[in-house]
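Open the model in your viewer and keep the selection panel at hand. Each stop below names a selection and says what to look for.

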Amino acid sequence: AMGERDFHPLSANFLLPKWAATHWGNYAQGKANAGETADPADWRIAKTIFVADDDATAKSYGKDDANSPYRFYYSQILKKMIRGKRQAVFKHDREEADEAVTLDRVLDDLVICGTVNDVVDQILSLREVTGDFGELVYAGMDWVDEGLTKRSLQLMAEEVMPRVNDAIAASEWAAVAQ
């Protein structure tokens, strides 16, 4: 329906990459139904991201610490999904047992966090699952620690995205050269 109406899709940050990947085919079909060709540049994917200068800070603030805004956010979403019997959105397979969906696994699956190199690798891995898309929407959390939040945004803008864009350009160039 979004493709038929010429909306530009945005896949939510709380979707596993494999489920977000299904959005593109549906959108492209909608564009085709409207007599148009879909452009991957129109597709935006939101991801929950935290970049830190060191692994310990990244893991603590991004996932493990009881006061982590990321942990709080996903604990709230998970509780609501379970209450509404919609936790399948977090399952690796639709037949997977409900008990397999834990907060720690949801954090591991959905929060991109680490040092610059780790986050670059995780974003490129995301693209391997979803395919090409136009924009990565940085879904940060409340600024519980303003300094860490600003540093994460700075690292994302100045180091992560230039490296991601260089890697994408290099892989596209290699594909054209073949």
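The tour goes from the strands to a helix pair, then to a loop lysine and the salt bridges. Keep in mind that this is a predicted model.

**Stop 1: strand β2**

Select residues 44–51, which form strand β2. Is this strand enclosed or open? Seven of its eight residues are buried, so β2 is largely enclosed by the rest of the structure.

Now bring in its partners one by one. Pick S11 and look across to I45 of β2, which stands opposite.

Select R44 to find its bridge partner, E135 of β4.

**Stop 2: helices α3 and α4**

Show residues 69–83 for helix α3 and residues 103–110 for helix α4. Two packed helices are described by an angle and a distance between their axes. For α3 and α4, the angle is about 115 degrees and the axes are 10 Å apart. The crossing of this pair is right-handed.

Which residues make the contact? On α3, select Y70, R71, Y74, S75 and L78. On α4, select L103, D104, V106, L107 and L110. Colour them by class: seven are nonpolar, one is polar and two are charged.

**Stop 3: K91**

Move to the loop between α3 and α4 and select K91. Is this lysine buried or exposed? K91 has a relative accessible area of 6%, so it counts as buried. Show what surrounds it. Beyond the neighbours within four places in sequence, K91 is in contact with L16, W19, E96, A97, D98, V101 and R105. Keep E96 and R105 displayed, as the next stop uses them both.

**Stop 4: R105**

Select R105, which is buried at 16% relative accessible area. Side chains of opposite charge can pair when their charged atoms come close. R105 has a salt bridge with E96, at 2.6 Å from N to O. R105 also forms one with D109, where the closest N and O atoms are 3.6 Å apart. D109 is partly exposed, with a relative accessible area of 25%.

**Stop 5: K63 and D108**

Stay on α4 and step to D108. What does its side chain meet? K63 is the partner, in a salt bridge of 3.4 Å from N to O. K63 belongs to helix α2 (residues 55–64) and D108 to helix α4, so the pair ties together parts that are 45 residues apart in sequence. K63 is buried, at 12% relative accessible area. D108 is exposed, at 52%.

**Stop 6: the wider set**

Finally, select D6, K31 and E36. A network of salt bridges links these three residues. How many salt bridges are there in the whole structure? A search finds twelve.

Note on methods:
Residues numbered from 1 in each chain as written. Predicted model: local features only at pLDDT ≥ 70, side-chain atom pairs only at ≥ 80, totals over all residues. Heavy atoms only, no water. Axes fitted to C-alpha atoms, helices over the stretch in contact; angles between N-to-C directions. Helix = DSSP H or I, 4+ residues; strand = E, 2+ residues; numbered from the N terminus. Left-handed = near helix turned anticlockwise from the far one by under 90°. Contact = heavy atoms within 4.5 Å. Nonpolar A, V, L, I, M, F, W, Y, C, P; charged D, E, K, R; others polar. Buried < 20%, exposed > 50% of the residue type's maximum accessible area, 1.4 Å probe, protein only. Salt bridge = Lys/Arg side-chain N within 4 Å of Asp/Glu carboxyl O. Pairing = 2+ DSSP bridges.
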